[in-house]
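This report goes through selected local features of one protein model. Please look over the sequence and structure below before reading on.

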Amino acid sequence: MIRAIIGTAGHVDHGKTCLIQALTGVDADRLPEEKARGLTIELGFAPLVFPDGLQAGIVDVPGHERYIRHMLCGAAGMDIALLAVAADEGIMPQTAEHLDILGLLGVREGLLVLTKADLVDAAGLDQAAQELRRQVRGTFLEGKPLLTVSARTGQGIPELREALRRTLLALPAREARGPFRLPMDRVFTLEGFGTVVTGTLLEGTIRRDDPVEISPTGPRGRVRGLQVFGREVEAAFAGQRVAVNLSGVKREELRRGNTLIPPGSLTPSLLLDVRLELLAGFRDTLRSGTRVRLHHGAAACLARAALLEGERLSGGQGCYAQLRLEEPLAARAGDRFVLRLLSPARTLGGGVILDPAPRRHRRGDPAVLEALAVRESGSPDRRLLQAMEEAGGEMDLRGLESSLRLPEEVLAPALAALLERGEVLELAPGRYLPRSVRDRLQDRCREVLAAYHRANPLQAGIREAELRQRTGGSAALLEHLAGEGALRRTGDRCALPDFCVRLTRRQEEIRRTILGLCAGMGRHTPAPAALAAKFPLRDREDFRRVLESLLSEGALVLLAPEVLCPAGDLAAYRQAAAGWFADHETLTLARFRDLLGTSRDYALLVLEYFDRQGMTRREGDLRRPGPVPLGGEP
């Protein structure tokens, strides 16, 4: 199925709305003011349906200079542009500006349409066609089909429909995978339904009952219903005009320019790194820091253009720049944008977003410029490595696909090349980390462990969860580092590979005494306070340190705050449970109590400890084996 948007462009009163009505039978001017004044003010929409079932949406944009923002809003989702020029007037100022805007937004397909052909003779039509061809030289419309039509008489309309059909069939498919994104170009309430928003779905697939977030303002809701050109659907796909009925979101929380996304899929930012290109016809100089109006999707906001490669830019020139916004914007790398001056209000240029959420840069920084060059035109493997290094942590293929907006068929060989060269490591199935980040995290782990050992010389190591929190590393990374001998793991503790606990002679005596008092005592093992009472007051501090050391190395285990269990006893309990599960699928508390020959309360403490360690899994009053082997280390 073809899912695409056709959009009009051209000067006011050059017949765009009449052309759409001739093609579709729909009058796209819906407002009373538009009817009264005879000009388009807001965006209009109509379905274009062909006899064979092929269908596309048409967006009618205003041609008046006063409504250029509305034109920009509609042009953002176009796949095909219909540049309409009245045969009796020719190219006019807004025609040229619309053509510039379409080029800046990356529209690559289109048709040239000479309208009002019934108002001029054959010689006039030929002259108008030659002039139009001359005006589009060097643009994406150079060499595109030119058709002569009259909406009043129907001349050329069948030929235009067929040309549109051929162009639609040649379009590449839009990306329907990944998170959906719908810039809102209309927001209203409908009696009996509530809040409704409309827009062109730029990417992804949106379905009924999907959770949604309104970016950048943040309210969340749910898709109550979907329509595509008035028809109820269960799902809408990239390239379609969609009306979304929202629940849980109030009309006053929304405005044109917001974007509908899955919750958390985009991060709004006040900074954008961009490749900026000024129009060749821009006759002024853009100075760094100039205040401009940014148009992105359906949004428009004020910003300052900080040029990163010089003080000023002239027409036809380009450079890397950072747009510093006055309100947050949610964007993706690869998005196109347009910039306009505030006074006089005219289009100066535009470009492509390279980084939608960068840090603030110093102008002229060589490292920044090099990184932006990679983002703009680097090979897939260089772009991939840079994105992973900037993320600073593990990523999976889906995250990389979303971050870089590169399809899996491009990413997969790039990732394979990086893995083969050893520049990226696969820490766990489908989880990848650059070697440079791994080396940095390893150094940080060593620093944290060394400091911990100095402060806690009698403990076997730092708890793994604390080490992850203090370094930003993952469990997979710590396992990888342990496998390479960069650290040692004992139970839930991590230590430097050459670290060992060194006790004084008195502390060694205390350690032997504690273990002797606890050995084989089972549920009668003394509580920590009772053990402390066995030692003189002068030994209490050493006792505390030695007890912590025994707990850290796993020689003693706390089943509860005041319930100690020697490692030998715990091993026997694990063996008893493992033996039971060898012949049974489930274990009850009563049966486990009998297996241990102990009290019910003590058996429950042991089972709860097994649950916490993942050796058993509770289901109501029963236990089943967990993912951690009962016969292995807890």
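## A three-stranded sheet

An open sheet is built from 3 strands in the order β27-β29-β28, with antiparallel pairing. Strands here are DSSP runs of type E with at least two residues, while helices are runs of H or I with at least four, and both are numbered from the N terminus. Two strands pair if DSSP finds at least two bridges between them. At the edges lie β27 (462-463) and β28 (488-490), each of which pairs on one side only.

Strand β28 is joined to β29 (residues 493-495) by 3 bridges, and the two run antiparallel. Within β29, R493 is the bridge partner of T490. In general, strands of a sheet pair through backbone hydrogen bonds, either parallel or antiparallel.

## Basis of the model

The model is predicted: local features need pLDDT of at least 70, side-chain atom pairs count only at pLDDT 80 or more, and totals for chains, interfaces and linings use all residues. Residues are numbered from 1 along each chain as its sequence is written, and side-chain values use heavy atoms, with hydrogens and water left out.

## Packing of α8 and α10

Helix α8 (residues 380-391) packs against helix α10 (residues 408-421) at an angle of about 75°, and their axes are 9 Å apart. Axes are lines fitted to C-alpha atoms, for helices over the stretch in contact, and angles run from 0 to 180 degrees between N-to-C directions. The two helices are therefore roughly perpendicular, a class that covers 65 to 115 degrees; under 35 is roughly parallel, over 145 roughly antiparallel, and the rest oblique.

On the α8 side the contact (heavy atoms within 4.5 Å) involves P380, D381, L384 and L385, and on the α10 side V410, L411, A414, L415, L418 and R421. These residues divide into 8 nonpolar, no polar and 2 charged. Nonpolar means Ala, Val, Leu, Ile, Met, Phe, Trp, Tyr, Cys and Pro; charged means Asp, Glu, Lys and Arg; the others, Gly among them, are polar.

## A buried arginine

R438 belongs to helix α11 (residues 435-455). Its relative accessible area is 7%, so R438 is buried (under 20%; exposed is over 50%, partly exposed in between, with a 1.4 Å probe and protein chains only). Leaving out residues up to four places away in sequence, R438 touches L425, L433, L477, H480, L481 and E484.

## Cysteines

How many disulfides does a search of the whole structure find? The search finds 0, a disulfide being a pair of cysteine sulfur atoms within 2.5 Å. For C319, the nearest cysteine sulfur is that of C301, 18 Å away. C319 is buried, at 4% relative accessibility.

The sulfur of C518 lies 9.5 Å from the closest cysteine sulfur, in C565, which is too far for a bond. C518 counts as buried because its relative accessibility is 0%.
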